[in-house]
Amino acid sequence: MSLSKLILKPGKEQSIKRFHPWVFSGAIQRAEGAAHDGDIVEVCDSKGQYLATGHCSEGSIAVRIFSFDGFDGSADFWVEKISNAYRLRKLLGFTDNSNTTIYRLIHGEGDGLPGLIVDIYGSTAVIQTHSAGMFEQRQIIADAIAKIYGDMISAIYDRGDEKVGGKGTGTQGEYLLGSKHETIALEHGCRFDVDWEGGQKTGFFIDQRENRKLLGDFAKGKKVLNTFCYTGGFSVYALKAGASLVHSLDSSQKALDLAVINAKLNGFEAPVHDVIKADAVEYMKQLKEDYDIIVLDPPAFAKHLSARHKAVQGYIRINEAAIKQIKPGGIIFTFSCSQVIDKKLFRDSIMAASINAGRKVRVLHQLHQPADHPVSIYHPEGEYLKGLVIEVE
Ligand code: SAH
């Protein structure tokens, strides 16, 4: 197989030699052969020496690298890559676990496959691609998953073309294997009905699994407000742990309907669980020390560096509202999933919010994404979820 080559400017090979998976357009000197969005290309140093193979992209990231050791174009290549990811999930105890059947099999760059997400919900695998190249590879990826899992996976759903920057072709989601069947899956014994066809991301926020479990440790007998609740993940854990009252709040009615379904699936209904359709900040502003615990898990406020300042203001606003209104001795689980807001900036934002609220705040836990969302040490950009558990005096 003969691939087009992208020749880098002198010195620009350093980051690739350190296994960083992105080539920025400014690093490229010239192309030998055609290199269109989605094409597989070889990246070479300025002397023409092979460095890596990846998918060509439009935009500032010109190549997303999926191999530093060559690529023979065979289906076996993808089977090997996905087998590596499977081995890690097996080591982590996910592949044969009667309590947790929801986990991430492929986490993009963290599994050496930029642009590819694969989540497992019981016997269904859900593929989400974020680059034209991975999108074009979807059937070969589905075949590899089917080969590795055998009978354990009976359906593979592809979410369709959701390319970076929203410039997809608008391709609808489709089943690449089997069809829709069981949609209820387990996380630490909690039951969740997952809508991978219509929901956000692949239908569920798997990355909060361990943080939800930690909430359970705090929730017995407590009044809990779960803001930005989406399908009620945190709410279910709090209810199961014996919270006296849980309010799930979201601005989306569709999300709240799913939160009600999931609470019911685990045996909880009004009055112990109720939903509130509101803007999180507006709702919190009018509270009067009603809750012992508040969860703040907003959507990514900043998707790009340019939006970082505005995002910080957003985090300060919601955290300030919660810190002001929570009961004395109350606990706040606060998160950011914006990649461009790093751990330190997030913590500084929480400090600013605490200063504005004028209350004493202590950090009890520092939280992050779980092990099935691994981060390559050479690609710190992959570390996106951060959280703090704080106590407000
Ligand atoms: N905590 C959730 C995931 C949160 S996703 C989980 O564990 O699954 C973010 C959610 O925030 C979405 O459901 C979205 O509808 C909601 N949202 C966005 N803006 C909001 C706002 N201003 N007020 C309340 N909810 C909002």
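Analyst: Begin with a definition: a salt bridge is a side-chain nitrogen of Lys or Arg within 4 Å of a carboxyl oxygen of Asp or Glu. Note that this is a predicted model. Here the side chains of Asp-372 and Arg-209 meet that rule, at 2.5 Å from N to O. Asp-372 sits in the loop between β19 and β20, while Arg-209 belongs to helix α5, 163 residues apart.

User: Are Asp-372 and Arg-209 buried or exposed?

Analyst: Both Asp-372 and Arg-209 are buried.

User: Which residue forms a salt bridge with Glu-187?

Analyst: Side chains of opposite charge can pair when their charged atoms come close. In this model Glu-187 pairs with Arg-212, with the closest N and O atoms 3.0 Å apart. Glu-187 is buried, with a relative accessible area of 0%, and Arg-212 is buried at 4%.

User: Now the sheet. In what order do the 7 strands stand?

Analyst: Strands of a sheet pair through backbone hydrogen bonds, either parallel or antiparallel. Here the order is β16-β15-β14-β17-β18-β20-β19, in an open sheet with mixed pairing. β16 and β19 stand at the edges with a single partner strand each, so one side of each is left without a neighbour in the sheet.

User: How many bridges join β18 to β20?

Analyst: There are 7 bridges, and the two strands run antiparallel. For instance, Gly-330 has Val-392 in β20 as its bridge partner.

Technical notes:
Residues are numbered from 1 along each chain as its sequence is written. This is a predicted model: local features need pLDDT of at least 70, side-chain atom pairs count only at pLDDT 80 or more; totals for chains, interfaces and linings use all residues. Side-chain values use heavy atoms; hydrogens and water are left out. Two strands pair if DSSP finds at least two bridges between them. Helices (H or I, at least four residues) and strands (E, at least two) are DSSP runs, numbered from the N terminus. Buried means under 20% relative accessible area, exposed over 50%, partly exposed in between (1.4 Å probe, protein chains only).
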